[in-house]
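Thanks for coming, everyone. Please take a look at the structure on the screen while I talk you through a few parts of it.

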Amino acid sequence: MPAVVATAPPPSESSGSAPGTSPVIDEVMPLTGLAVTDPAKATRPALVVKIDNHPQARPQVGLNHADIVFEENVESLTRFAAVFHSDDADPVGPIRSARTQDVLLLGSLGQPLFSWSGGNRGVSEAVRASQMVDIGAPLQPRAYFRDRRGRRVDVEHTLFSRTKDLYALAPPVPLAVPGPQFEYRAPDDVVAGRESPGADLAMDNVAVGWRWAPMLGAYLRTQGNRPHDTQDAGQVSAANVIILEVEYRPSPAAAGSPEAQTIGSGRVTVLSGGKVVTGNWTRPELTANYSLVADDGQLVLLTPGRTWIELARQGATTVLPASVVAG
């Protein structure tokens, strides 16, 4: 079966711009494959916002404006790394702390701005030693605000910002524009794979489901067998869902914190266009993208649009057969 390829050229040949050079505007946005509608957005760096997924943080705001969203296991729950580039969110959050796995995960984005609420000493040192540009709340408190949204919630679930305010914190020197993370098919290309309405997976204690909605041309996300709704843009949706099976090890910054090993290889399941393909992912180094190759050695192009990437433990995913009708 064919599968997705998420490859990009090595840094020396990347379509993203090196620091201090003038970025080249492509015809499509690099993180979605959709046509450029705002050249100013096409030349800015990526912005990563760590978004809370604790029950008290729901519904989140801004997730459906991100180009790419990673879901990672944290202590018994999950957290999102939402990557903005072609769109903005006002507001966005709730914003939470980082993990050392974020440094491993985000190295292919060039020099992304990194928005987070803070972390322990080991995490803070890892973030500030990385290629990411730290614009977190500890360094830039004026760009953040607290909002309980009329509810009784603990204060750690009340931190928000606006992507335009976060972008305003970018340093005056030019930053690398993210290169393409995936390859996309043309409108008349046949969608590869076998028919499937979606998949279910266990992100530790969070039951996640993705269901194909043909009328929308997108997958809709459920969480705990209920629609995962956002405050500003309805149910979480994506054109593509990539489920990477990864090993989790104890973080060097905190033994009780899991760290997804996203450099290496493993199995992958890809949902796109109402079909599913399985194969293997490889990523040889920090700055490389994921190369995803199907079990038959073929490559498949993604549907242009938003992509969610689930960092699942091995054996945690169930692909639904075509006979199951999506709700």
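Start with Trp116. Is Trp116 buried or exposed? Its relative accessibility is 0%, so Trp116 counts as buried. Keep in mind that this is a predicted model. Phe114 is buried as well, and its relative accessible area is 0%.

Now put those two rings together. A search of the whole structure gives 7 aromatic pairs. In one of them, the ring centres of Phe114 and Trp116 are 5.9 Å apart. Their planes meet at 35 degrees, so we call this pair tilted. Compare the cut-offs: under 30 degrees would be stacked, and over 60 would be edge-to-face.

Here is another pair. Trp281 and Tyr290 sit edge-to-face, with 5.7 Å from centre to centre and 75 degrees between the planes. Trp281 and Tyr290 are both buried. Tyr290 also has a charge over its ring. The charged end of Arg283 sits there, 5.1 Å from the ring centre. And there is a cluster: ring pairs link Phe80, Trp210 and Trp308.

Next, the core. Which residues touch the most other members of the largest nonpolar core? They are Phe70, Trp210, Ile242 and Leu244, in a core of 71 residues. Strand β4, residues 78-84, gives the most to this core, with 5 residues. The general background is that nonpolar side chains tend to be buried together in soluble globular proteins.

Stay with Phe70 for a moment. Skip its neighbours within four places in sequence. Phe70 is then in contact with Arg79, Phe80, Ala81, Val83, Leu105, Leu106, Tyr290 and Ile309.

On to strand β21, residues 275-283. Why do we call β21 largely enclosed by the rest of the structure? Because 7 of its 9 residues are buried. Who are its partners? β20, residues 264-272, pairs with β21 in the antiparallel sense over 9 bridges. Ser272 stands opposite Lys275 there. These strands form a hairpin with 2 residues between them, and Gly273 takes a positive phi near 60 degrees.

β22, residues 291-294, is another antiparallel partner of β21, over 4 bridges. In that pairing, Asn280 stands opposite Val293. Then there is β9, residues 194-195. β9 pairs with β21 over 2 bridges, again antiparallel. Glu195 has Lys275 as its bridge partner in β21.

Last stop: helix α2, residues 100-105, which holds Gln101. Gln101 has 2% relative accessibility, so it counts as buried. What does the side chain of Gln101 reach? It reaches the backbone nitrogen of Ala260, at 2.8 Å. Leave out neighbours within four places in sequence, and the contacts of Gln101 are Glu72, Asn73, Val74, Tyr248, Pro258, Glu259 and Ala260.

Asp102 is buried, at a relative accessible area of 0%. Beyond four places in sequence, Asp102 is in contact with Lys50, Glu72, Phe114 and Met132. Note Phe114 in that list. That is the ring paired with Trp116, where we began. Note Glu72 as well: Gln101 is in contact with Glu72, and so is Asp102.

One distance to finish. Asp102 and Ala239 are 137 residues apart in sequence, and their C-alpha atoms are 23 Å apart in space. That's my tour. Questions, please.

Definitions and conventions:
Residues numbered from 1 in each chain as written. Predicted model: local features only at pLDDT ≥ 70, side-chain atom pairs only at ≥ 80, totals over all residues. Heavy atoms only, no water. Phe/Tyr/Trp six-rings, centres within 6.5 Å; stacked < 30°, edge-to-face > 60°. Buried < 20%, exposed > 50% of the residue type's maximum accessible area, 1.4 Å probe, protein only. Lys NZ or Arg CZ within 6 Å of the ring centre and 35° of its normal. Polar contact = N/O pair within 3.5 Å; in protein donor to acceptor, adjacent residues only side chain to side chain. Contact = heavy atoms within 4.5 Å. Pairing = 2+ DSSP bridges. Core = buried A, V, L, I, M, F, W, Y, C linked by side-chain atoms within 4.5 Å.
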